[in-house]
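Visitor: Please take a close look at one part of this model. Pick a single helix and follow its surroundings.

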Amino acid sequence: MSISNNYEISVIVPVYNVEQTLRRCVDSIINQSFVSYEIILVDDGSPDNSGAICDEYAACNPNISVIHKTNGGLSSARLAGYQHARGRFLAFVDSDDYIHPDFLKQLYHAVSHNRSSMAICSYYLTTEDGKSTSKKLPYAQDILQDIHGMFILPLIGANHKESVTSMPGFLCLRLVEKKLVDEDFFVPENVYYAEDIIFNLLIAQKLDKVALVNRPLYYYCFNRASLTGRYRENAWRMQMNLFHFISDYCIQWNIKATRRLTNRLYSCVCYTVLNASKHPHYEVYQSQIADMRKSCECEYAIRHFSWFHSTFQQKVIFTLLRFNSYKLLYSYCRWRLHL
């Protein structure tokens with residue numbers, strides 16, 4: 001790697017309690033075929049040896065810097081890295097994941113060749129048993145110019161009448177020009193569910209095109225103990241904060257997306273039920289479902305639930321909710337989650 005202080009890319013790695021996977025992650029970044037980049041390791045108050053491992057890497061490599069901070073969560077760690085970044089572009093790599101040796105090279109070539117401010121790649125989903133599945137981007141082209149129709153709308157929610165119904169929202173799949181990023185893009189993950197969606201929606205208004213690399217270059221490692229896999233308290237509140245942010249966003253930018261917002265609401269309900277079912281005590285689960293049922297948003301979703309284009313799991317969840325069959329729903333969800 002270059003020892004210059006003029007970097008093209010700043011790679012920001014939030015670190016918290018990951019001593020078992022941190023070396024794999026950092027080594028994959030060090031071994032990139034691209035040369036002009038720095039690595040910023042943000043130790044978010046790790047209680048294990050993660051902070052010491054970060055310092056060990058920084059002592060051996062002038063392109064690696066370490067920020068030690070009190071624990072504030074993933075978004076707060078990313079923000080700290082962003083504030084110290086010197087590169088023209090930003091990449092975010094989670095410390096329990098790792099990247100292909102050509103990750104930075106391919107994404108940088110894509111933004112340079114297409115003169116865009118963002119590039120997105122596809123990825124591998126790696127499960128705890130070591131199995132990897134390639135997840136392709138839902139686009140055939142190399143450049144995405146319809147930001148409204150093919151980037152923003154799929155992030156708002158699904159529309160089953162269209163072929164493109166999903167846009168991977170993971171921030172870690174992106175290379176983004178730093179000058180387009182503001183500090184308020186980094187919203188706290190204990191307030192908003194899927195905070196990466198908010199980052200993407202906010203930056204979308206500054207994009208005129210996005211370069212696409214339909215090659216899996218990122219290894220997303222699913223871990224039940226991670227933020228994505230574990231039980232989360234206040235799930236309905238966080239889902240509703242995201243839902244109302246998206247609703248307000250649509251009003252602000254005059255986006256017509258009623259069906260997508262309704263489908264988003266269905267997803268909020270289903271996620272909350274599945275999340276509550278992860279709790280081993282039925283009384284806690286029951287209390288969370290009862291609180292959700294009191295909300296006007298949940299009641300609207302149940303009253304207007306459409307059986308057309310819904311998954312079998314959604315049909316089961318909404319049917320049992322409608323008839324207040326909480327115990328049966330709890331058993332079904334725990335069976336689905338293999339708990």
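This is a predicted model: local features need pLDDT of at least 70, side-chain atom pairs count only at pLDDT 80 or more; totals for chains, interfaces and linings use all residues.

Guide: Just after α12, His-338 has a positive phi of about 60 degrees. Helix α12 itself spans residues 326-336. Its buried residues are Tyr-326, Leu-329, Tyr-330, Tyr-332, Cys-333 and Arg-334. They pack against three helices: α8, α9 (282-293) and α11 (312-322).

Take Cys-333 next. It counts as buried because its relative accessibility is 0%.

Now the sulfurs. The whole structure holds 0 disulfides. Cys-333 is in none; the nearest cysteine sulfur, in Cys-270, lies 8.5 Å away. A disulfide would need the two sulfurs within 2.5 Å. Cys-268 has 0% relative accessibility, so it counts as buried.

Then the core. The largest nonpolar core has 114 residues. Ile-9, Phe-151, Ile-156, Tyr-218 and Leu-321 touch the most other members. Helix α8, residues 258-277, gives the most to this core: 9 residues. Buried residues of α12 pack against that helix, among others.

Finish with Ile-156. Leaving out residues up to four places away in sequence, Ile-156 touches Leu-201, Ile-246, Cys-250, Ile-255, Ala-257, Arg-260, Leu-261 and Arg-264.

Terms used: Residues are numbered from 1 along each chain as its sequence is written. Side-chain values use heavy atoms; hydrogens and water are left out. Buried means under 20% relative accessible area, exposed over 50%, partly exposed in between (1.4 Å probe, protein chains only). A nonpolar core is a set of buried Ala, Val, Leu, Ile, Met, Phe, Trp, Tyr and Cys residues joined through side-chain atoms within 4.5 Å. Helices (H or I, at least four residues) and strands (E, at least two) are DSSP runs, numbered from the N terminus. Contact means heavy atoms within 4.5 Å.
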